[in-house]
Amino acid sequence: MSQSIEVLNLRTQRDFQYVLKMETQMKGLKGKFRQIEDDRKTLLTKHFQELKEKMEELLPLIPVLEQYKTDSKLIIQFKDEVRNLSAVLTEIQEEIGAYDYDELQQRVLNLES
């Protein structure tokens, strides 16, 4: 019986040492997890702040882009007007082209007299 108690005592001491060793490792691991979590929060905060700063740098671009959009619409309108004017000028040129230069010169002289 005393031998069984001795074996049980040795196993209990061995298991207790193992539990103490594991407890130390678990505390260390818990500390590392906390550090990782803190680092993650710090990195997230840092990255968020960097993104926020970049967005603030880009904010002045919004009115410029709006003006660009307005200018683009105005350019399209000008192109349409030029296209219409070009068509009118082509019609006039075709009408005038029906006469040669000498004939037009004679008409001008007749109109002036």
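1. Lys69 and Glu66 both sit in helix α2, three residues apart, about one turn of the helix. Helices here are DSSP runs of H or I with at least four residues, numbered from the N terminus. The two side chains meet in a salt bridge at 4.0 Å, N to O; the criterion is a side-chain nitrogen of Lys or Arg within 4 Å of a carboxyl oxygen of Asp or Glu. Lys69 is partly exposed at 45% relative accessible area, and Glu66 is partly exposed too, at 42%. For those labels, buried is under 20%, exposed is over 50%, and partly exposed lies in between (1.4 Å probe, protein chains only).

2. A quick word on the basis: this is a predicted model, with local features needing pLDDT of at least 70 and side-chain atom pairs counting only at pLDDT 80 or more, while totals for chains, interfaces and linings use all residues. Residues are numbered from 1 along each chain as its sequence is written, and side-chain values use heavy atoms, with hydrogens and water left out.

3. Over the whole structure, the search turns up five salt bridges. One of them links Glu37 to Arg40, with the closest N and O atoms 2.7 Å apart. This pair is in helix α1, three residues apart, so about one helical turn separates Glu37 from Arg40. Glu37 is partly exposed at 30%, as is Arg40 at 41%.

4. Glu23 and Lys27 make another salt bridge, at 3.8 Å, N to O. Both belong to helix α1, but here the spacing is four residues, again about one turn of the helix. Glu23 counts as partly exposed at 38%, whereas Lys27 counts as exposed at 56%.

5. Now the charged surface: Glu50, Glu53, Glu56 and Glu57 gather in a patch of negative charge. Patches take residues with over 30% relative accessible area and no salt bridge, joining like charges within 9 Å and nonpolar side chains (Val, Leu, Ile, Met, Phe, Trp, Tyr) within 5 Å. Lys and Arg count as positive, Asp and Glu as negative, with His and the chain ends not counted. Glu50 is in helix α1, residues 2-58, and is partly exposed at 36%.

6. There is a nonpolar surface patch as well, formed by Met55, Leu58, Leu61, Val64 and Leu65, with about 480 Å² of accessible area together. The elements giving two or more residues to it are α1 and α2 (61-97), and α2 provides the largest share, three residues. Leu61 lies in α2 and is partly exposed at 40%.

How values were computed: Areas by Shrake-Rupley, 256 points an atom, 1.4 Å probe, with all protein chains shown as cover. Charge placed at Lys NZ, Arg CZ, Asp CG, Glu CD.
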